[in-house]
Amino acid sequence: MLVSIVIPVYNTSKYLSQCLNSVINQTYKSLEIICVDDGSTDNSLSILKEYADKDSRIRIFTKKNEGKGAASARNLGLSNATGDYILFLDSDDFFEPNMVEDVVNKAEEKDADVVIYKAQWFDDKQSRVTKIYEPIELQNVPANDPFCYKDIPDKIFQIGDLIAWNKMYKMDLIREYDLKFESIPISDDQYLPALAMVFAKRITYVDRIYVNYRFNTGSSQCDSQTKHPEAAYAATYSIVSKMREYGIYDEVKRSYINMALRLMREYFDKMVELTKIKELYDKYNNEIFEMLGAVDLSENYFYDYRIGQWYSLITTNSLEEILFKTSRAYGSKMTTAIMRFQFPYDEVEQGAKIVLVGKGMIGKYWYAQILLADYANVVAWVASEEEIPDDFQDYQKIYAR
């Protein structure tokens, strides 16, 4: 069986050799490695050519960068793929050597349309794995293997994140339903994996880690999210439309709404500009919720009670009331006092390693803000200066008074 691996490449020369080495050295050799240079301005293309000269399995395509993410590069690779199966990998990540062999074996064993597998976070600044990334929620996977959405219609989108790079797809499935990537900011890779989960007749998984997902590279996903509030809902239009076209949406509606509103809440909470908060508030209430069929839902409709509370808050209050209530929730009588709980970003360089001193109310809010924004690396959080470990004395200290 020929496996096509599509790798979009844009200015990742720092990581590209490690990525390519992890692909060409796979224990499974029947590979078609399609690299799409998306208008790189560094020496990524020259690295690709060096590897292609040495390995005939590598095919290079080039295109002009459109500034809309990796979707068009992935689609170009997809349109030129000839394999029986296809994977989509990112050029700053790297992979375990037996990934393709194990996943193909499982696909063949189960005659599966989709195979899902695990990943782990690789901290680029620390040059090591820091934690397991769980793009599979095994507690939501049905007992029968393989399975399809009809086995768990209310939880099919709770099996895992809508990402393309932790799944292998049968090419026949992709072609039959014309699955592609959308040229929309940030959420460009939702369409294909979401629809594959409902169109696949046989889905299976391998409970092993195969992808090393690199993060902490200096670029902030949180910053991108605050600039593109439309990414919170853009993919829902086409996904829901396609499911309705095939008469599937009503069956999986609860599962999809739970997944979609989790993402919408995340974006709403991360907005830092009033105009963008208002944009999302108006869009959700005047269009998106109705389009999804998410109107007048009770809080117990949601699997996560926090999403239910947020939905109730946003659908029954004006934006002014929401902003007032959320600021009052900090325990202040004056809404302006919320500024006391704002982390002093101007004093800390993004990505810096810091020691946070103070575990009172302000310290707790600062610690939460740092984690949510992925702004800095808290190497130690202590109640007082005396508790700072000797190894951390040289790091920048931030005092939450």
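This text walks through the structure from the whole chain down to one residue.

The model is predicted, so local features need pLDDT of at least 70 and side-chain atom pairs count only at pLDDT 80 or more, while totals for chains, interfaces and linings use all residues. Residues are numbered from 1 along each chain as its sequence is written, and side-chain values use heavy atoms, without hydrogens and water.

Start with the fold. The chain holds 13 helices and 12 strands. Both are DSSP runs numbered from the N terminus: helices are H or I with at least four residues, strands are E with at least two.

Now the overall dimensions. The C-alpha trace spans about 65 × 55 × 40 Å along its principal axes.

Next, the packing. Of the 401 residues, 52% count as buried. Buried means under 20% relative accessible area, exposed means over 50%, and partly exposed lies in between (1.4 Å probe, protein chains only). Take contacts between residues at least 6 apart in sequence: 77% of them join residues at least 24 apart. A contact means heavy atoms within 4.5 Å.

Finally, look at Lys-278. Lys-278 sits in helix α10, which covers residues 274-292. Is Lys-278 buried, exposed or partly exposed? Lys-278 is partly exposed, because its relative accessible area is 43%. Lys-278 and Glu-320 are 42 residues apart in sequence, and their C-alpha atoms are 9.6 Å apart in space.
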